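Open the model in your viewer and keep the selection panel handy. This tour goes stop by stop: what to select, then what is there.

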Amino acid sequence: MHSPHPLPDRHPALILAILVGSYLMIVVDVSIVLTGLPRIQADLGFSPASLSWVQNAYTLSFGGFLLLGARAGDILGRRRMFLAGLALFTLSSAGIGLAQGPAMLLAFRGLQGLGAALLAPASLALIASHFAEGPARTRALSWHAAVAGIGATLGLVLGGLLADLISWRAGFFINLPLGLLLMAGTRRFIRPTPPNPGRFAPLGALNATLGMGALVFGIVEAAETGWRTPGSSGALLAGLGLLALFLHRERRNPHPTLPLHLLDDPARNGAYLARMLFLAGMVGFWFFTAQYLQGVLGFSPLLAGLAFIPVTLPNFITALALPRLSQRWGQRRVLLGGLALGCTGLLLQGLAAPHPEYGFGLGLGLPMLLIGLAQGCILGPLTQAGVAGVRPEDTGAASGLVNVAHQLGASLGLALLVVVFASGRHGNIAQHIGDSLEAAACFLALALGVTARYVLRPTSAPRPHPTHKQPT
């Protein structure tokens with residue numbers, strides 16, 4: 001990532017803690033509901049298929065508005081958008097905790113995703129503003145990427161603890177003090193960034209959000225009614241049409257939400273696609289394993305949360321060791337090894353699912369350990385590959401694309417895996433979950449193939465783009 005040399009800061013550790021802490025809060029909220037889903041379903045009356053929209057409402061709003069959020073940071077100032085995102089995220093978290101029905105919860109989950117869409121690209125772009133290119137920025141980006149994997153498993157553990165000891169609502173109320181603390185720290189330690197000239201293209205972001213929403217709705221609807229019903233097929237066609245319209249408008253827009261020249265580099269495109277495929281598989285692991293532990297093994301939310309420790313601890317260890325591993329073996333080898341390890345873990349867990357057992361023999365323990373080791377090796381290299389070689393004025397947009405790939409991969413992956421779960425021919429829920437996890441392993445196998453072909457290849461160093469003249 002190229003940017004002007006930032007001015008030195010007196011408190012770099014505190015600045016990094018604020019930026020990484022805000023992103024950790026976002027990622028935790030993707031998974032914190034999973035161990036509480038059975039309680040949410042019972043309290044608020046969700047149907048089994050519509051329960052996935054507790055996730056999709058957040059990830060679709062998050063992913064759909066990320067490009068607009070990144071553009072807003074470039075134009076209005078990244079610290080300003082960072083604070084606005086923190087405020088919206090914190091207030092909507094309180095609304096979720098107070099929800100009295102499915103509609104209210106989903107509405108606030110959507111608003112929470114919008115807050116995250118302002119916050120996430122600003123946090124990544126602010127790292128470039130406060131940390132000079134070289135070892136300092138590499139370490140900062142490694143921490144930022146590491147919390148994506150650590151936060152997901154931490155959310156599962158924390159969600160189970162709070163759902164069992166207090167209430168699933170406590171997982172959202174906890175964001176109130178954290179958000180206020182982060183806002184105070186931002187005002188105190190993070191300096192404002194100057195705004196840049198430009199204009200917004202909100203219709204473009206709205207097109208992308210509605211298109212992805214219709215696409216995922218069509219897939220989820222197919223799980224209940226079949227692929228040939230008007231609801232599912234109509235939504236799929238509408239989604240594809242809206243996304244095509246979005247790309248058409250972006251090509252003709254002098255101030256695009258998505259500068260399409262960012263997609264000219266095959267290595268970056270491979271990093272975005274590999275990230276989408278990785279998240280498409282991993283969201284199945286988080287979603288179905290949480291339900292397997294409670295619905296098949298009979299674990300309480302507390303015990304289900306603690307059962308994810310074999311994922312959380314190895315993930316944390318490998319994430320911290322990633323800079324040393326990359327220095328010794330190279331990022332490409334570490335990334336390919338992590339994807340192969342994760343694919344193996346998901347496949348083994350899918351095969352073990354019909355034989356309910358939690359342990360390191362034929363149970364879930366060994367697959368979860370492999371998945372935890374894998375997660376810490378994957379997201380850091382993919383993040384750096386996704387922002388490599390971009391011009392300074394495109395930093396925010398490139399950061400937005402990294403997060404779009406992350407969130408939309410999770411949303412589409414969950415929707416497709418719900419279809420796999422619902423179409424199982426066995427009457428055994430454990431077998432259905434096993435089929436879904438085996439399908440999730442296929443996503444990681446595809447990510448491995450894309451990475452081997454395109455990402456971090458020694459002969460395909462990122463090329464700088466020629467300078468484009470701004471329209472007058």
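The stops below cover a charged residue, a nonpolar patch, a helix residue and some aromatic rings.

**Before you start.** This is a predicted model.

**Stop 1: Glu250.** Select helix α10, residues 230-252. Glu250 sits in this helix. Is Glu250 buried or exposed? Glu250 is buried, and it has no salt bridge. The nearest side chain of opposite charge belongs to Arg249, 7.9 Å away. A salt bridge needs a nitrogen–oxygen distance within 4 Å. Now show the contacts of Glu250. Leaving out residues up to four places away in sequence, Glu250 touches Gly204, Pro256, Thr257, Leu258 and Leu260.

**Stop 2: Leu273.** Move to helix α11, residues 266-295, and pick Leu273. Val455 and Leu273 are 182 residues apart along the chain. Their C-alpha atoms are separated by 9.9 Å.

**Stop 3: the nonpolar patch.** Select Trp143, Phe316, Ile317 and Leu320. Together they form a nonpolar patch with about 380 Å² of accessible area. Which helix gives the largest share of the patch? Helix α13, residues 309-329, supplies three residues. Leu320 lies in helix α13. At 35% relative accessibility, Leu320 counts as partly exposed.

**Stop 4: the aromatic pairs.** Hide the surface and show ring side chains. How many aromatic pairs does a search of the whole structure find? The search finds four. Start with Phe285 and Phe308, an edge-to-face pair. Their centres are 6.0 Å apart, with 85° between the planes. Phe285 lies in helix α11, while Phe308 is in the loop between α12 (301-306) and α13, so the pair ties together parts that are 23 residues apart in sequence. Phe285 and Phe308 are both buried.

Next, select Phe287 and Phe288. These two also make an edge-to-face aromatic pair. Phe287 is buried, as is Phe288.

**Last stop: the cluster.** What do Phe287, Phe288 and Phe421 form? The three make up one aromatic cluster.

Note on methods
Residues numbered from 1 in each chain as written. Predicted model: local features only at pLDDT ≥ 70, side-chain atom pairs only at ≥ 80, totals over all residues. Heavy atoms only, no water. Helix = DSSP H or I, 4+ residues; strand = E, 2+ residues; numbered from the N terminus. Buried < 20%, exposed > 50% of the residue type's maximum accessible area, 1.4 Å probe, protein only. Lys, Arg positive; Asp, Glu negative; His and termini not counted. Contact = heavy atoms within 4.5 Å. Patch = residues over 30% accessible without salt bridge, like charges linked within 9 Å, V, L, I, M, F, W, Y side chains within 5 Å. Areas by Shrake-Rupley, 256 points an atom, 1.4 Å probe, with all protein chains shown as cover. Phe/Tyr/Trp six-rings, centres within 6.5 Å; stacked < 30°, edge-to-face > 60°.
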